[in-house]
Each structure stands twice: as structure tokens, then as C-alpha cells.
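Open the model in your viewer and keep the selection tool at hand. The tour goes stop by stop.

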Amino acid sequence: MKKLNKYRKSVQGLMLLTFGLTMAGCSAQDDFFTETSSESLSIKPSVTEATVSRAAVASEQTLREAALDNLYVKIFDKEYQEQSVNQKLEGNLQSNQTAILRQGNWKVDLNLQENKAYFVYSIANANEDLTQVKSLADLKNKVQTDADIWKPYSSSDKNATKNFLMTANSDWTVSKEPNQTIDSKLTRAAAKIVVNLNINVAGYEVVGEPTWQLLNYNTKTTLFGPNTAKNIASMSETETNETMAKTAADGYQLVTYSYATSWKDNASAPQAKIKVKLKKKGEETSVDYYYSIPVRDPKKTKSLDRNYVYTANATVTSLGSSSDITYGDAMDLVYDVQKWTQGEKTTINAGDQKYLLVSPTFMIMKNQRFDNSTIKFYGSGKCTVETVAIYYYDKNGKKQSCSGSQSFKASAQYADGHGELQDQGTIVIGDANNKTNDFVPLSVKYIKIKVTCEGVKDPVNVTIKQYPLEYIQGIAGWYSTKDKLNTYERYDYLTGKPSGKIATTVGIDWKEDQKLHKTRKGYADDNFQAKVCIDNNIYTYYDKKINKSYQATTRSNMGEKNNNQMYVVQITSTQQDQTDYKIGHVTNIDPNTKQSQEDVVSPAFMLASQLGTVLPFDDGVDASEHCDKYIEVRKDGTKYTDWRLPTASEIGVITKYQYNNKQDVIDVVLAGGSYWALNGKEVKTNNGNSSTGYVRCVRDLKPDEVKELENKNE
């Protein structure tokens, strides 16, 4: 074949010479062998993030994760593996933009024959000159080493030129077209590691920001295919000054990288060693505590694969060790694995090891009943998919199973070519005709799915949250108070009201004031008493005198008024029958009266629970000022202080929802005859009740709170 190719070139050369001599007297317009730039061979490199879920970990431009500093293009004859193209491109390379490899009569110049198949290999950001690699076998065996692979991009140090080795290989057949573009879908050789850290150690506070050190990462990789190269390293002790970044949700995050690797035991697994400075509240001295976070679940596959994002979400709940690393009871860990970049066929570097990979394991479906492409699975054997449970939480916070059209049986849709092995595919949720998986009215539905694989001991559990356009969730309240309340001489058990007011003082706090204290706290005013929920019953509480001290103590059971659910109402779209109100935020509240004439419905607002039950108010300003000072605390200790009166339209929305007999997620919370609105007027809510002047406070949810609710597994 080589001789034939050389012969073809010689014949072409003689033909060109012959025609050149015979046509020398012809004009330029007759010279049909003149090369023009209208013919070209180009390549289009692309770095496309894998859209595996609505919460996918995308590559950040600020980290130069998609930068293309150079691109080597090699084209080999598929039959004899001769190299026809060996070219390096650099300068102004961009994803999804074409770059010209050759202009003019490129098929002849590059010895590329029409209707013939070729291998195309692209390598971006190689750290050595690959034009010296002449054979396909040598290219496949080529190894790249990056001792600083763990380092994220930083504009302030020598890592400002950080980039990532990316490769692509595909088949390409030369067509008859004069202009042809080869698509090159690049995928990264590294694995991305993300650790999200929240610290919630009772009685302690964080000093400064945690620092980290990556252990047992791989600095070496083959350019193509599963990685067979290995050089395990760990950051030195002097490099533990890498600081975790502060996140919007009062947490911390680190981003780092490793080439694909595998390990035999947990001790040799890649892990983030994190140092946290903690001090007791009220004290000055801080102590360093250490935590070790494996970047993969120790109970799962012991490998990192190229082109995947491994996320570990860690919540520190107790002290670590001041001398050694601790792992286990000191924190709660949740793992997720997602594809990083589209382009290559998924291969798992596991050798003979049995494995099961599902990505993602948490998914949000908004106003959506069917999906058959988001959740993917890859196994070493036959995989099965089954629905474990489908349920929602009712108005009392109790789990209720779904049935009928609200239920469905999850199934596996096996990938092309894997129908017999049944080892790869996607999970089918609902059905394409939308006859199943119907929404629960006004409620978030939880779908639990289990994926199993032959030969793999542990299944992978998947959680899906399905949201309708409008929905309500309950958050359990713990206790209520106000920033200023009164103390009283006595309590009238006949009227259920305190009497003999002594003074206005700082409001009582159930959590803090169960400890003996010297100064008496206020616990009631003319309309409100502090309350606490214990064992699903709501009690009033006060500051009881014990010898020369005081202690928060329960007093009266509120009886039927025992609903401690703070209902969160979220509206993502205005239905056609909802033309009577406008979605928006109240932006102009009078600082003196705490009132506003704006009449909108917040897209996400929370109602105070019956921990906020009051006696009727005679005046709208007093009602507004009450909400401005109201405090309600949820079960996890989160304290909400930013309450207001609801707008007239919000009262209308709540009234409509609570009397909707198709829903089971919100109780009748506005049972009085009328309620004070933010505009200083009363709004009728119950035609069968003539009582007036009631108050139910609301607050607007911040974007971080909405995100936290949506991304919570349960």
C-alpha cells in the first residue's frame, strides 16, 4: 500500500508537470489547477459540560477548566495506521470555534483519499511536543505527568496558566466536499474533586477559614483510554495553607484534581485532610481540629475515573482530633458522582472489580412528569431498576404514600448495544404519555429508586423531588418569642391571660433561658405569649422564679392549637386563573408604621405556625409592629426574625389554598373572620366567622433558603 501511495503521488506530480507545460500559453482564467482558499480542512474542538442534572457541577471559566492553550491533531490511515496529519495549533483557540488545518488542495497535499476511513486524535494542553510522536501505537502509550495536578487555578501565583489535558478520538471518512470540518469533542483526563463543608458543632464557633491538604492523588496519566499510569503523591505539610473558599450558604468549599487512580484500602484512598480552628463560644483560645474526608464513599468502588466530578458533602457535627485525623462519627457525609464533559464513551477503570456507578443520585423535576435521559447507570454486570417508595408529607408533617396516577414503576432503558448485557443505560421516570407520575396538589413529591447490579453487594439509592408549579412545604417550628416582652406579677387562669404587668424587657428565649439566669425575661404582652412545641403539643412558657434565679418553664397547653408547621408557599408560575394578583416582592415598607400599600404575592414566603397565635388586634399599626418584633425558631435552631404582615393578595392566596379540598398539605391556618393585611386594612377570610382583628405573620424566603429547601434530599 505504501508503494501504491508513492506511485499515486508520482503520477500526480507528472500529470501536474505535463499539464503545466502544455497549458503554459493559456490565460489565468483557463488555469483550473490554480489553488484557492475556498477549499479547506478544519477542526472544531468543543468542551461541552455534561448536563446530567439540574444541579450538575459545571466547569467554571474562572478556574480555566475549559481553556485551550494548544491542540495537537493527528490523523491516521485506519487500515495501515499511516500518519497523514501531524499538526499543532495554538493561539486564540476557543471551544466550538473552527480552526483551519490546511487550505487549498488539501486532499492531495495531505494524502487523504475520498470515501476512505481515518482515525482522528486530538490532544489539548499537552505539556510536551507531540509532533515527535509518529505512530499510533506510540501515541496510545504516551504518558503525561503533572506534579501540580491538584492545584486549582489562581491568578496570583505561578498557577495562573493552569490548564487541563483533554483528548478526543473519533472515526472520520473523507467525503467529496471541498470544505470539511472534523468535530472533536474533548474530554478531560483528570477527575475533579469538590468538597463542600458545613460546620455545626454545638457550643463552638469557627475561627478564620479551614485549610486543606490532598493526600494520595495521582500525578500521571495515559493520554487515551483507562489510565494505566500511576504516581501517587500527597501535598506536603507546608502546603496545608490552602484555604477553603467561603460559600454563600455559610459553608466552605475546596476544588482540586487528580488523574484517574484506584486503591485497595481506605488508608491509600484519595482524601482531603482539613484543619479547622474551633473555639468555645465565649472563650478566646482556639484549638486546631483535623478531619479526613475520603473523596469517594469508602463503601463503594475504590477508584477515580477520568472525566468525572466527585463531590463530597460533609457536615461536621462534633469535634475531631487535635493530634490526629478522625473520620466517621465526627461528621455526616453524602457523596455524588457526575460526568464532567460530554464526548467519550463511558469506561470504568476497575479491572476485574465489580462496580456500579449511578449519576446523579439526586434530581429535581419542576413541573415535569417524565424523564428518560438524566440519570445514567454503568455496571459491571446486569443492572436492575425498581421504585422503592413514592410519597409526600401532609399538613401535619406525616409521610403519606402515593398511589394511582401519582405513582409509577421506574424502569431501565438500556443503552444501544447493551440490551443483552443490560449493564448501561438510563432510568425511566414516569411515561412519555404522562399517564402516570401525576403531581400531588400543592405538594413536593419524593421518589425513591434503587439500582442494583449483579455481583455488587450494595445498591445505589436515588432520590427525586418532583415539584408542581405551586407547592407548599411544612417546616417544624420549635418555639416563639419577641425581641421585647413584658413580665407579670401573676397569671389569671380563668381568662388565660397574665395580669399585673411589671416591666418591658428582653424577650425570653426557650433554648437559652432554660439555664438559670439572674435577670427576669419578658414572656407576654397584651396580645401574645411566648410558646414552645414539646412532643407535638404547644405550651405557653414563662420565666419562673427559682430561689434568686429564673428559668424558662412551660405553663399552659394550647389544646387544639397545636400545629407547629411553618408553611412555605412557593409559586413558580402564574396560572391562567390567577389573574387577580401579581407575583413580586414587597420593597417599600414604612419604617414607622411597618406597613406598605404594595399588593403583590411573594414567589416564596413562609407563614408563622400556631406558635405565633395571638389575641385580636384593634389597630393595624399595632398588628404590623407585632410582626416586626416576632421571632420563631425552627427545630434545628434556625431563628427567623424578619416577619411582616401578609399583603391582601397573599391572604387571598392562603385562603384559596386552605379550602382546596384536593390538597392535604396545609391546614386551615386563617380560621378567623378577618386578618390584618400589610396595607393596614382587614381582609375577610371566613364568611362563617364574625371575629375580626386576627394576625398571621409571614416572611419572604431568601434565595439561599429556597435553594436549601430544593436541594434537601428529604
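A residue counts as buried when its relative accessible area is under 20%, and as exposed when that area is over 50%. Keep in mind that this is a predicted model.

**Stop 1: Glu-65 and Lys-192**

Select Lys-192. Its relative accessible area is 1%, so Lys-192 is buried. Glu-65 sits in the loop between β1 (40-46) and β2 (70-77), while Lys-192 belongs to strand β10 (residues 190-199), so the bridge ties together parts 127 residues apart in sequence. The whole structure holds 23 salt bridges. Side chains of opposite charge can pair when their charged atoms come close.

**Stop 2: Lys-176 and Glu-114**

Go to Lys-176 next. Its side chain meets that of Glu-114 in a salt bridge, 3.7 Å from N to O. This pair also links distant parts of the chain, 62 residues apart: Lys-176 is in the loop between β7 (166-173) and β8 (179-185), and Glu-114 is in the loop between α2 (106-109) and β5 (117-124). Glu-114 is partly exposed, at 35%.

Stay in the loop between β7 and β8 and pick Pro-178. Pro-178 is partly exposed, with a relative accessible area of 36%. Leaving aside neighbours within four places in sequence, Pro-178 contacts Glu-39, Ser-40 and Trp-106. Draw a distance from the C-alpha of Pro-178 to that of Lys-107. It reads 8.7 Å, although the two residues are 71 apart along the chain.

**Stop 3: Asp-513**

Jump to helix α4 (residues 510-513) and select Asp-513. Its relative accessibility is 4%, so Asp-513 counts as buried. Which residues does Asp-513 touch, not counting those up to four places away in sequence? They are Ile-508, Lys-521, Gln-551 and Ala-552. Zoom in on Lys-521. Its side chain and that of Asp-513 meet in a salt bridge, 3.0 Å from N to O. Lys-521 is buried, like Asp-513.

Then select Asp-642, Arg-699, Lys-702 and Glu-705 together. Salt bridges with shared partners join these four into one network.

**Stop 4: the nonpolar cores**

Which residues touch the most other members of the largest nonpolar core? Select Ile-123, Leu-139, Val-195, Leu-197, Trp-212 and Ile-274; the core has 55 residues. Center on Leu-139. Beyond its neighbours within four places in sequence, Leu-139 is in contact with Lys-74, Phe-76, Tyr-121, Ile-123, Val-133, Leu-223 and Phe-224. Another core, of 28 residues, lies apart from the largest one. Its members include Leu-485, Val-568, Trp-676 and Leu-709.

**Stop 5: helix α7**

Follow Leu-709 into helix α7 (residues 703-711), where the buried residues are Glu-705, Val-706, Leu-709 and Glu-710. Why do they fall on the same side of α7? They cover an arc of only 130° around the axis, which puts them on that one side.

Terms used: Residues numbered from 1 in each chain as written. Predicted model: local features only at pLDDT ≥ 70, side-chain atom pairs only at ≥ 80, totals over all residues. Heavy atoms only, no water. Helix = DSSP H or I, 4+ residues; strand = E, 2+ residues; numbered from the N terminus. Buried < 20%, exposed > 50% of the residue type's maximum accessible area, 1.4 Å probe, protein only. Contact = heavy atoms within 4.5 Å. Core = buried A, V, L, I, M, F, W, Y, C linked by side-chain atoms within 4.5 Å. Arc of directions from axis to C-beta.
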